[in-house]
Amino acid sequence: EGKTAVVAMAASSPSSAIFQVLRLPAVLPVALAVLFLQLQRYVLLFWLPYYHHKGLGYSMATSGYIATGFEVGGVLGSIVIGVVSDRLMGGRVILTSAIGVCCGAALLFVYAPLSRWSMAWNLLCMGVVGLLVNGPEAMLSGVVSQNLGERATSGGGGGSSGSSANVVGTVTG
């Protein structure tokens, strides 16, 4: 079935190719996870300066600087999630990402009270939330989607690299 699906993807129209890619194992759940993680990322990215300014009374400049802690944490998160996945979790990137996202969600619940303690706590919390949101998003949209594409093209031995690109493009939106 793998070879048939890949050959059919390569020969079909772009709109039907997307539906064929979504039928491959694990592509739809990973694509939905990436969608919601990107939504969460951009909501926080645009909402944080407003919250810091209006909710916590920081100046506009300070609000922007503290919000960058989220992005810095995200850059570090890509590295940390990758290392944890490879060294501690036996290469199980999806499981590692799921654990990270759950921890990030839990931290968001306690962020509001912690953010009022001090500017340093606020910055630290935002960095850790960025690590736990952006790190898994980077892993799912990069490594996992590429692995799914490679699995689809090698499943029957006759796939094309264009089919792998279809999977990566579908997962990352």
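Predicted model: local features only at pLDDT ≥ 70, side-chain atom pairs only at ≥ 80, totals over all residues.
Residues are numbered from 1 along each chain as its sequence is written, and side-chain values use heavy atoms, with hydrogens and water left out.

**Overall make-up**

I counted seven helices and zero strands, which read along the sequence as α-α-α-α-α-α-α; helices (H or I, at least four residues) and strands (E, at least two) are DSSP runs, numbered from the N terminus. Of the 173 residues, 38% count as buried, where buried means under 20% relative accessible area, exposed over 50%, and partly exposed in between, with a 1.4 Å probe and protein chains only. I then looked at contacts (heavy atoms within 4.5 Å), and among those with a separation of 6 or more, residues 24 or more positions apart account for 70%.

**Helix 4**

I checked the length of helix 4, residues 60–88: at 1.5 Å a residue its 29 residues should span 42 Å, and its end C-alpha atoms are 41 Å apart, which agrees. The expected span is 1.5 Å times one less than the number of residues. Helix 4 also has a kink of about 30 degrees centred on Leu76, the bend at a residue being the angle between axes fitted to the seven residues ending there and the seven starting there. Its buried residues include Gly69, Gly73, Gly74, Gly77 and Gly82, along with Ile66, Phe70 and Ile81. Just after the helix, Gly90 takes a positive phi of about 65 degrees.

I also looked at Ser63, which is found in helix 4 and counts as buried at 1% relative accessibility. Not counting residues up to four places away in sequence, Ser63 touches Pro49, His52, His53 and Tyr58.

Is Gly135 buried or exposed? Gly135, found in helix 6 (residues 119–154), is buried, with a relative accessible area of 0%. The C-alpha atoms of Gly135 and Gly74 are separated by 5.5 Å, although the two residues are 61 residues apart along the chain. Leaving out residues up to four places away in sequence, I found that Gly135 touches Gly74, Gly77, Ser78, Ile81 and Gly130.

How many salt bridges does the structure hold? I found two, a salt bridge being a side-chain nitrogen of Lys or Arg within 4 Å of a carboxyl oxygen of Asp or Glu. In one of them the side chains of Arg41 and Glu71 meet at 3.4 Å, N to O. Arg41 lies in helix 3 and Glu71 in helix 4, so this pair ties together parts that are 30 residues apart in sequence. The side chains of Glu137 and Arg41 also meet in a salt bridge, at 3.1 Å, N to O. Here Glu137 lies in helix 6 and Arg41 in helix 3, so the pair ties together parts that are 96 residues apart in sequence.

**Helix 5**

I found that helix 5 (residues 93–115) bends by about 40 degrees at Phe109, and that a proline, Pro113, follows within four residues. Among the buried residues of helix 5 are Thr96, Gly100, Gly104, Leu107 and Tyr111.

**A nonpolar patch**

Last, I looked at the surface, where Leu28, Leu32, Leu35, Phe36, Leu39, Val43, Trp47 and Tyr50 form a nonpolar patch with about 800 Å² of accessible area together. Patches are made of residues with over 30% relative accessible area and no salt bridge, with like charges joined within 9 Å and nonpolar side chains (Val, Leu, Ile, Met, Phe, Trp, Tyr) within 5 Å. Leu39, one of these residues, has its place in helix 3 (residues 27–55) and is partly exposed, with a relative accessible area of 49%.

Conventions: Areas by Shrake-Rupley, 256 points an atom, 1.4 Å probe, with all protein chains shown as cover.
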